[in-house]
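Subject: Structure handover

Dear colleague,

Here is the structure I promised to pass on. My notes follow below it.

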Amino acid sequence: MGMSVIISEATDQDAEQIFKLQYLCFQSEAALYGNYRIDPLVQPLDAVRREVADDCVFVARLGDEVVGSVRGTVTEDGAAAIGKLCVHPRLQGHGIGARLLRAAESALVEQRGAKKFRLHTGHRSENVLRLYRRVGYEKVGVEEGVDGVPMVVLEKQAGAYAQTA
């Protein structure tokens, strides 16, 4: 019998595993754009620790191993900025990303009063775009990321978070 993946709030003890997982998971994104200076690959461990302490951060655990994570924070306009969703490559395609999104969305509404959700992803990231569309996000624009990668901006209303599956 296999172990189940558990979704829970991240603790400060998770920061190093999140940092390493993020570096592993975003390699494929960097290759897709030929840009290995994208934010998830150059973010220092101290910044990850600050996010875990200050933001809404969830992890997916398989036993003691962190195999997925997502972060969110509510911006001044009441939108929850969700970012750096990642799932270990060996476990992608099993619904863990959607479960992480659902946990973050729920906490951002219930604990931080989010009115809507906003996220960004690279314009060539078809698998990620497909996930976001499937869970109710709609494209609202395109922006150039700080690393020069064109980013698709997606949003959904907070009332729709229960539909994420």
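In these notes, buried means under 20% relative accessible area, exposed means over 50%, and partly exposed lies in between (1.4 Å probe, protein chains only). Helices (H or I, at least four residues) and strands (E, at least two) are DSSP runs, numbered from the N terminus. The model is predicted, so local features need pLDDT of at least 70 and side-chain atom pairs count only at pLDDT 80 or more, while totals for chains, interfaces and linings use all residues. Residues are numbered from 1 along each chain as its sequence is written, and side-chain values use heavy atoms, with hydrogens and water left out.

Helix 6 spans residues 126-134, and its buried residues are L129, L131 and Y132. Viewed down the helix axis, these fall within an arc of 160°, so they line one face of helix 6; the arc is that of the directions from the helix axis to the C-beta atoms. Their cover includes strand 4, helix 5, strand 5 (116-122) and strand 7 (150-157). N127 and R134, on the other side of helix 6, are exposed. Just after the helix comes G136, with a positive phi of about 105°.

H88 sits in the loop that runs between strand 4 (79-87) and helix 5 (96-110). H88 counts as buried because its relative accessibility is 15%. Leaving aside residues up to four places away in sequence, H88 touches L21, L24, C25, E65 and V67 (contact means heavy atoms within 4.5 Å).

The unreviewed UniProt entry annotates residues 5-159 as "domain: N-acetyltransferase". That span is 36% helix and 34% strand, and its end C-alpha atoms lie 26 Å apart.

Regards

Methods. UniProt positions renumbered as here; feature names shortened; annotations may be inferred.
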